[in-house]
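Notebook open, model loaded. I want to look up the cores and the strand pairing, and jot things down as I go.

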Amino acid sequence: GPGKWDLRQHKQVEQRFGAIVSNARAVGSLIAVGGDGSTLPDSPETSRTFVSRDGGWSWAQAADTSTVGDMADQGTVMVLASNAAPTTDLRVSVDGGQSFRTCSFSAAGVEVKDVVSDPAAAGAALLLHGMVGGEAQAAGVW
């Protein structure tokens, strides 16, 4: 009803919104992009990223913008990167999404396309794929 808080999420990558991320080895852990309120945000810039550690029963805000991200080490490690605009920073959690800190990874703004981990989520390594200055030849993995 009116005044009720609802979490709205984008379910697929469209208009550069991040998708819902989960992994069978990270039981109960989810990363999703959306907003709180009665409607979905209409742009990545007005979206936020949320994390659930209990299969979606409760959510906590992890970033104040749309992100792409992934999890590793059975969900203990989560890495988020803004996909709303070029960025030099990542949001990193090493406690399963309970807290996040900002880490710088590049001096130049990177247009992040994806963050990926080992599909088994067994190790702590993640790859970030993006472009610098919109140039295809400047694409790389960080």
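First, terms: I call a set of buried Ala, Val, Leu, Ile, Met, Phe, Trp, Tyr and Cys residues a nonpolar core if they are joined through side-chain atoms within 4.5 Å. Buried is under 20% relative accessible area, exposed is over 50%, and partly exposed is in between (1.4 Å probe, protein chains only).

Ground rules: this is a predicted model, where local features need pLDDT of at least 70, side-chain atom pairs count only at pLDDT 80 or more, and totals for chains, interfaces and linings use all residues. Residues are numbered from 1 along each chain as its sequence is written, and side-chain values use heavy atoms, with hydrogens and water left out.

**Confidence.** I checked pLDDT, the predictor's confidence in each residue from 0 to 100. The chain averages 81, and 82% of the residues score at least 70. Residues 1-5 are below 50, with 1 contact (heavy atoms within 4.5 Å) beyond near neighbours in sequence. Residues 7-15 also stay under 50, yet the model gives that stretch 32 contacts beyond four places in sequence.

**Cores.** Which residues make up the largest nonpolar core? I listed 12: Val68, Ala72, Val77, Val79, Ala81, Leu90, Val92, Val110, Val112, Val115, Leu126 and Leu128. My strands are DSSP runs (E, at least two residues), numbered from the N terminus. There is a second, separate core of 9 residues, including Val21, Met71, Leu80 and Phe100.

I count two strands as paired if DSSP finds at least two bridges between them. On that basis 4 strands form an open, antiparallel sheet, ordered β6-β7-β8-β9. β6 and β9 (101-104) are the edges: each has a single partner strand, so one side of each lacks a neighbour in the sheet. Neighbouring strands here are turned by 25 degrees against each other on average, direction ignored; the axes are lines fitted to C-alpha atoms. I found 6 bridges joining β6 to β7, and Thr67 stands opposite Ser82 in β7.

**Around β4.** Is β4 (residues 48-52) largely enclosed or open? I noted that 4 of its 5 residues are buried, so the rest of the structure largely encloses it. β3 (residues 30-36) joins β4 through 5 antiparallel bridges, with Val33 partnered by Thr49. β4 also pairs antiparallel with β5 (residues 60-63) over 3 bridges, where Val51 has Ala60 as its bridge partner.

Technical notes: Axes fitted to C-alpha atoms, helices over the stretch in contact; angles between N-to-C directions.
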